[in-house]
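Hi,

Here is the structure I said I'd pass along. Have a look, and my notes follow below.

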Amino acid sequence: MSQQAIILMILVLVIVLLNIHSFYLFYKDKQLSKTGAYRISEKRLLSSSLLLGGIGALWAMRSFRHKTKHAKFIWLVPLSAVITTVVVVCLLFPILQELKW
């Protein structure tokens with residue numbers, strides 16, 4: 001495997017970690033909403049989603065039924081999931097080509 005492929009795989013790993021982080025933020029905010037404690041800001045939740053954490057954010061939204069009635073979340077989180085998916089596919093495509101898949 002070439003050095004370029006290794007770098008691309010590291011970038012994909014970073015995106016996976018960003019998605020885990022987004023998932024956790026949505027989960028934590030849902031738990032805080034149940035107790036009435038100080039919440040994670042909507043700005044932070046959307047930022048984590050738009051910074052290539054869209055898949056984790058969308059998964060958490062659906063899993064925990066959290067922020068599913070807010071218009072900006074209804075539109076921006078799925079959009080960020082699509083953007084994240086496109087970026088991951090664009091990063092993986094050269095690696096799969098190199099491996100002759």
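The side chains of Ser49 and Ser80 are joined by a polar contact of 2.4 Å (a pair of N or O atoms within 3.5 Å; within protein, one must be able to donate a hydrogen and the other to accept it, and residues adjacent in sequence count only if both atoms are side-chain atoms).

Before you dig in: this is a predicted model, where local features need pLDDT of at least 70 and side-chain atom pairs count only at pLDDT 80 or more, while totals for chains, interfaces and linings use all residues. Residues are numbered from 1 along each chain as its sequence is written, and side-chain values use heavy atoms, with hydrogens and water left out.

Back to Ser49: it sits in helix H2, residues 42-64 (helices are DSSP runs of H or I, at least four residues, and strands are runs of E, at least two, numbered from the N terminus). Ser49 has a relative accessible area of 0%, so it is buried (under 20%, with a 1.4 Å probe and protein chains only). Beyond four places in sequence, Ser49 has contacts that include Ser22, Leu76 and Val77 (heavy atoms within 4.5 Å).

As for the fold, there are 3 helices and 0 strands. The C-alpha atoms fill a box of roughly 50 × 20 × 20 Å along the principal axes. Buried residues make up 32% of the 101 residues. Of the contacts with a separation of 6 or more, 73% come from residues 24 or more positions apart.

Cheers

Technical notes. Buried < 20%, exposed > 50% of the residue type's maximum accessible area, 1.4 Å probe, protein only.
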